[in-house]
Amino acid sequence: MVSMDTLVSLCKRRGFVFQSSEIYGGTGSCWDYGPLGVELKNNIKRVWWRDFVQRRPDMVGIDASILMHPMVWRASGHLDHFSDPMVDCRECKLRFRADQVDALPWTHFCPATKGNRFTIPAGEPCGHCGARRTLCPDCGKGELTPPRQFNLMFKTFMGPVEEDAAVTYLRPETAQAMFVNFENVLQSMRLKLPFGIAQAGRSFRNEITPGNFIFRTREFEQMEIEYFVNPHDRVEGRPADEYWHDRWIEDCLAWFRRYGLRDENLRLREHDRDELSHYSKRTVDIDYRFPIGWSELMGIANRTDFDLKQHAKASGKSLTYFDEERKEHVVPYVVEPAAGLDRALLAFLADAYLEEEVRGEKRVVLRFHPELAPVKAAVLPLLKKRDDIVRTAHAIRDELSRFWRVVYDDTAAIGRLYRRQDEVGTPYCVTVDVQTVGDTDKGERADDKVTIRDRDSMEQIRVGVPRLTAVFGELLAGKRWADVAAGAAAG
Ligand code: ATP
């Protein structure tokens with residue numbers, strides 16, 4: 001498995017992710033997506049939306065504002081419960097999540113070695129004196145305070161006056177907008193249960209111990225679905241909420257696999273009873289084997305009717321569904337598949353990363369699924385001194401970029417250009433050479449064909465320029481390289 005340091009450095013070097021406000025020393029746990037990162041992120045979001053909203057007759061989407069009425073957070077329980085227990089070092093004042101201090105390597109001044117300073121791996125005792133950590137893991141000197149609750153919501157003020165009445169919050173999740181818009185969506189779209197509302201957007205959490213690159217940040221994007229079901233219905237002999245919960249777990253897992261995450265890096269983790277949120281009937285996480293170890297990629301919870309009931313109570317509005325068959329009003333149950341976009345991006349990046357040896361040289365390649373790859377093709381002139389080659393290459397790029405993100409590059413020799421594209425996961429390179437345009441001096445006619453090189457197999461085929469758009473249409477829609485190559489060979 002690739003290390004986090006390798007990914008961070010590749011991301012910076014190749015324009016995927018930069019530290020936010022780096023020239024000022026960086027902002028704590030905020031990251032900026034660069035030119036390739038934004039393409040990758042948009043692709044993941046677009047494919048998610050296409051597969052889970054556009055293609056499904058039972059799904060619709062919304063895009064709600066980040067600033068919501070403060071009552072939303074009172075009713076949802078976030079004001080009272082959305083907190084982590086944290087401890088402070090009395091000496092260096094650093095703050096840690098109480099449940100995570102033991103997962104950190106710790107600093108120890110060992111009495112058995114005249115007070116020498118050691119950094120000891122997380123959870124292990126000192127090899128010299130046998131002591132275990134009791135003090136601050138960072139400075140190794142201060143005592144830690146007892147745990148105190150710390151609310152994770154970012155507070156701000158609405159309007160010009162900074163007074164209590166104007167306090168509002170940046171949303172810590174996108175989900176609540178689906179609950180408070182339940183009635184609007186139900187009525188305007190004339191929906192029948194079961195149906196879901198999806199949203200992809202920014203969320204903010206003042207995490208106490210953020211870190212591990214884009215795994216845990218203070219500003220991030222979520223892709224969430226609230227799937228409403230009639231709790232009185234039964235599907236395949238089971239209560240509808242339980243049936244749909246399992247269906248969503250399967251569908252989400254299948255989705256991550258389809259776009260490149262390998263089976264051995266994915267697992268399901270059932271939450272224990274005592275770990276469940278107070279409103280949840282059952283929660284299952286999809287964990288991914290990140291470079292930092294197994295961690296949550298997304299959660300799929302059965303939130304019952306908790307949220308709709310809470311908002312109905314707090315707003316005084318009825319948030320029910322009229323069941324025509326039974327002639328009764330019901331409060332739907334909701335299944336919530338909640339994924340983090342940045343975490344998904346990190347997982348796709350880690351899984352795609354491959355180092356291999358090709359003819360005695362190291363090749364780094366990101367084997368992104370073509371639909372996720374930030375750049376779909378690079379058009380490269382074999383000789384940049386030949387005007388006709390360069391002109392043709394530009395024309396091909398212009399044509400293909402009507403449909404896809406396609407780049408032109410002539411800043412190095414061809415082998416180097418291939419490697420550069422491999423390293424950012426571009427699935428195909430198109431090379432324009434002398435045969436493409438012909439050589440009048442030598443009396444050679446143009447064959448109007450270019451070479452397409454496949455990133456993964458490094459095989460090449462020759463294809464007529466007029467057919468390029470159609471060929472890329474097939475390749476990028478998932479047709480196998482071998483089949484396209486066979487077609488090209490047959491002429
Ligand atoms: P964690 O246990 O890692 O703090 P969570 O269980 O609080 O996550 P949820 O509230 O279920 O997370 O949010 C759904 C998804 O949003 C998570 O599975 C994760 O992918 C993403 N997410 C949550 N917090 C962050 C964060 N601080 N940075 C990046 N992504 C996050």
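**View 1. Asp448 sits in the loop between α12 (434-437) and β26 (449-454).** Helices (H or I, at least four residues) and strands (E, at least two) are DSSP runs, numbered from the N terminus. The structure is a predicted model, in which local features need pLDDT of at least 70 and side-chain atom pairs count only at pLDDT 80 or more, while totals for chains, interfaces and linings use all residues. Residues are numbered from 1 along each chain as its sequence is written, and side-chain values use heavy atoms, with hydrogens and water left out. Phi of Asp448 is near 55 degrees, a positive value in a residue other than glycine. Most residues other than glycine have a negative phi. With a relative accessible area of 37%, Asp448 is partly exposed. Here buried means under 20% relative accessible area, exposed over 50%, and partly exposed in between (1.4 Å probe, protein chains only).

**View 2. Lys327 belongs to the loop between β18 (321-323) and β19 (328-330).** Lys327 is not a glycine, yet its phi is positive, near 50 degrees. Is Lys327 buried or exposed? Its relative accessibility is 58%, so Lys327 counts as exposed.

**View 3. A cis peptide bond runs from Leu193 to Pro194.** Omega is near -5 degrees for this bond. Most peptide bonds are trans. Look for Pro194 in the loop between α6 (182-189) and β11 (195-204).

View 4. The side chain of Glu207 has an N or O atom 2.7 Å from a nitrogen atom of the ligand. An N or O atom in the side chain of Gln222 is 3.2 Å from an oxygen atom of the ligand. Gly340 takes part through its backbone, with an N or O atom 3.0 Å from an oxygen atom of the ligand. On its own the ligand has 590 Å² of accessible area, and the protein covers 81% of that. Such areas come from the Shrake-Rupley method with a 1.4 Å probe; for residues, only the protein chains shown count as cover.

**View 5. Helix α9 covers residues 341-352.** From first C-alpha to last, its 12 residues reach 16 Å, close to the 16 Å expected at 1.5 Å a residue. That expected span is 1.5 Å times one less than the number of residues. Because 12 of the 12 residues of α9 are buried, the helix is largely enclosed by the rest of the structure. Among these buried residues are Leu341, Arg343, Phe348 and Asp351.

**View 6. His311 is part of helix α8 (residues 306-315).** At 5% relative accessibility, His311 counts as buried. Leaving out residues up to four places away in sequence, His311 touches Val72, Ala75, Ser76, Gln176, Phe179, Val180, Gly316 and Leu319. Contact means heavy atoms within 4.5 Å.

Definitions and conventions
A polar contact is a pair of N or O atoms within 3.5 Å; within protein, one must be able to donate a hydrogen and the other to accept it, and residues adjacent in sequence count only if both atoms are side-chain atoms.
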